[in-house]
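Student: Hi! Could we go through this one together, piece by piece?
Tutor: Happy to, let's bring it up.

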Amino acid sequence: KLVLGIETSCDDTAAAVVDETGNVWGEAIHSQTEVHLKTGGIIPPVAQQLHRENIQRIVQEALSVSKISPSELSAIATTIKPGLALSLGVGLSFSLQLVDQLKKPFIPIHHMEAHALTIRLTNKVEFPFLVLLISGGHCLLALVRGVSDFLLLGKSLDIAPGDMLDKVARRLSLIKHPECSTMSGGKAIEHLAKQGNKLHFDFKPPMQRAKNCDFSFSGLQHVVDKTITQKEKEEGIEKGQLLSSAADIAAAVQHTTACHIAKRTHRAILFCKQRNFLSESNAVLVVSGGVASNLYIRKALEIVTNATQCTLLCPPPRLCTDNGVMIAWNGIERLRAGLGILYDTEGIRYEPKCPLGVDISKEVGEAA
Ligand code: ATP
Ligand code: FE
């Protein structure tokens, strides 16, 4: 079985052909990051235009690298939720045309489900397992019980950690820092933090009184913002110039972020074990998303998994961020499970907002 996966939910146009053993036959990706960095964020119509300009070429490239004829495909899988409406629309309408032309079944994909299942392509991981997804656009903890059987334990009530780190990096003007100018905000913070002392600033972990698995990062972002303004005054410099205490601030904000993420994850593990959702002795925690590449945050999570006898797994970095392989693999998983394979695409729509699985976050809070 071979599945073509197509992803356009945000700012990457990606496609891949994957088989049922997890072999990647061909893949291609076009990232819009450079364009969006210049405007300081994604402008949806610009993203839409770039997807339109690239989708044909990217899908063609994935197919030609894989050296298969499209007739050999078992199905076409495409992200239809959640994401930017204008971006999702490009991928969906392109895919529907292709499905029609090739007379293939269509498998609509939930972007977060795909992120969560990616680990099963690279590692032998059985259900159930716990997943922590931390990126620029997402932040959630979920129990994965099956291909399309998720319990949502917690999510960010405001922004995602990558978004917060990007905003702090921008506020610190790290793009002007000679060592960080080409790095994403989160990576720049991690890099600079190594040169700083986290004890010079004391940013409190968010939501300390809420005994659930939800997250919050916008309060932390505002506190850091205020601190930076105050430091600028003290150092007598203008907004937009580099602070001498930037490394200390980076170290402290990274530390608080790691503590917050580790605490919520610890609670999720305890809750799942207490409910017998996860095995006492060989539970697995999967961590993915762009922020998962942060080694300081990983260390904090390692402490949690060591203390709870869990195994910590992360997909390789190229599969942690948005890609076509994870969409194709999700298609394979659904094909094998016989779930959500459409032979008639009449009435299919993209959904910009769509939670993952059954939300039991309230129950988690009440159990504590
Ligand atoms: P989505 O949420 O749909 O996956 P995205 O583009 O925001 O989309 P990713 O590409 O997975 O997400 O991750 C990008 C985010 O990860 C950015 O916010 C970036 O700052 C953050 N990031 C990347 N490297 C690091 C790092 N080493 N430490 C912390 N954050 C990082
Ligand atoms: Fe993503």
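Student: Which way do strand 6 and strand 9 run, and how many bridges join them?
Tutor: In this predicted model, strand 6 and strand 9 (residues 283-288) run parallel, joined by four bridges. Within that pair, L133 stands opposite S288 of strand 9.

Student: What sheet are they in, and in what order do the strands come?
Tutor: They belong to an open sheet of six strands, ordered 10-9-6-7-8-11, with mixed pairing. Strand 10 (310-313) and strand 11 (358-359) are at the edges; each has a single partner strand, so one side of each has no neighbour in the sheet.

Student: Which strands does helix 9 lie across?
Tutor: Helix 9 (residues 246-274) lies across strand 6, strand 7 (139-146), strand 8 (149-155), strand 9 and strand 10, and runs at about 160° to strand 6. Helix 10 (residues 295-307) also packs on the sheet, where it touches strand 9 and strand 10; its direction makes about 155° with that of strand 10.

Student: What about the peptide bond from F127 to P128?
Tutor: That bond is cis, with omega near -5°. P128 sits in the loop between helix 5 (119-122) and strand 6 (129-134). Most peptide bonds are trans, and most residues other than glycine have a negative phi.

Student: And what is the phi of K67?
Tutor: K67 has a positive phi of about 55°, although K67 is not a glycine. You'll find K67 in the loop between helix 2 and strand 4.

Student: Switching to the other sheet, what is its strand order?
Tutor: This one is an open sheet of five strands in the order 3-2-1-4-5, and the pairing is mixed. Strand 3 and strand 5 (106-110) are the edge strands, each pairing on one side only. On average, neighbouring strands here are turned by 20° against each other, ignoring direction.

Student: How many bridges do strand 1 and strand 2 pair over?
Tutor: Six, with strand 1 (residues 2-7) and strand 2 pairing in the antiparallel sense. L2 has D19 of strand 2 as its bridge partner.

Student: Which helices pack on this sheet?
Tutor: Helix 2 (residues 44-66) does, touching strand 1, strand 2 and strand 3, and its direction makes about 160° with that of strand 3. Helix 3 (residues 85-102) packs there as well, touching strand 1, strand 4 (75-81) and strand 5, with a direction at about 155° to that of strand 4.

Student: Now the helices: at what angle do the axes of helix 6 and helix 8 cross?
Tutor: Roughly 10°, and the axes of helix 6 (residues 161-171) and helix 8 (residues 218-235) come within 10 Å. Helix 6 and helix 8 are therefore roughly parallel to each other. M164, K167, V168 and R171 of helix 6 make the contact with L220, Q221, V224, D225 and I228 of helix 8. By type, the contact residues are five nonpolar, one polar and three charged.

Student: Last one: how many residues surround ligand 1, and which are the closest?
Tutor: There are 21, and the closest are G136, G137, G162, G186 and G290. Helix 6 and helix 7 (185-193) are the elements that give two or more residues to this shell. The shell around ligand 1 divides into three nonpolar, 13 polar and five charged residues.

Methods. Residues numbered from 1 in each chain as written. Chains lettered and ligands numbered in written order. Predicted model: local features only at pLDDT ≥ 70, side-chain atom pairs only at ≥ 80, totals over all residues. Axes fitted to C-alpha atoms, helices over the stretch in contact; angles between N-to-C directions. Parallel < 35°, antiparallel > 145°, perpendicular 65-115°, else oblique. Contact = placed C-beta atoms within 7 Å. Nonpolar A, V, L, I, M, F, W, Y, C, P; charged D, E, K, R; others polar. Pairing = 2+ DSSP bridges. Near = placed C-beta within 6 Å.
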